[in-house]
Amino acid sequence: MVKVQFEKHIKRIRCDNGGEFTSNFMLQFYHEEGILLETTCPHTPQQNGVVERKHRHLLETARAIRFEANLPKRFWGECVLTAAYIINRLPSKVIKNKTPYEIVWNQKSQYNHMRIFGCLAY
């Protein structure tokens, strides 16, 4: 999907030796596509620091959204999706103050359609 939809090539994948990433089928796929597989030592999430920080940021943002909207836990999934949506539209110094959305879609993020999460709708 990344290759066809976004015309981007995946250069490397880093994983924690999960079977879904290290099966013979996937190893063959990586080889055919020229993708470098990097695996970390088992039970060492600190070796996957960037992913761990991004994951924590996503969950902390989702938690803040849920608490601020005073929603029950059953809306947790929607909070995570909303947090990801917002984070992907925030500028980052690492990518020269562009947004991840801009990098993928080659167009500026729009914000005028966004509403307060958890507000009443009729």
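Guide: This is a predicted model, where local features need pLDDT of at least 70, side-chain atom pairs count only at pLDDT 80 or more, and totals for chains, interfaces and linings use all residues. Residues are numbered from 1 along each chain as its sequence is written, and side-chain values use heavy atoms, leaving out hydrogens and water.

Visitor: Why is Glu-38 called buried?

Guide: Buried means under 20% relative accessible area, exposed over 50%, and partly exposed in between, with a 1.4 Å probe and protein chains only. Glu-38 has 19%, so Glu-38 is buried.

Visitor: What makes Glu-38 and Arg-12 a salt bridge?

Guide: A salt bridge needs a side-chain nitrogen of Lys or Arg within 4 Å of a carboxyl oxygen of Asp or Glu. The closest N and O atoms of Arg-12 and Glu-38 are 2.5 Å apart, so the pair qualifies. Arg-12 is in strand β1 and Glu-38 in strand β2, 26 residues apart; strands are DSSP runs of E, at least two residues, numbered from the N terminus.

Visitor: How do you know that Glu-102 and Lys-108 form a salt bridge?

Guide: Their closest N and O atoms are 3.8 Å apart, which is within the limit, so the pair counts.

Methods
Helix = DSSP H or I, 4+ residues; strand = E, 2+ residues; numbered from the N terminus.
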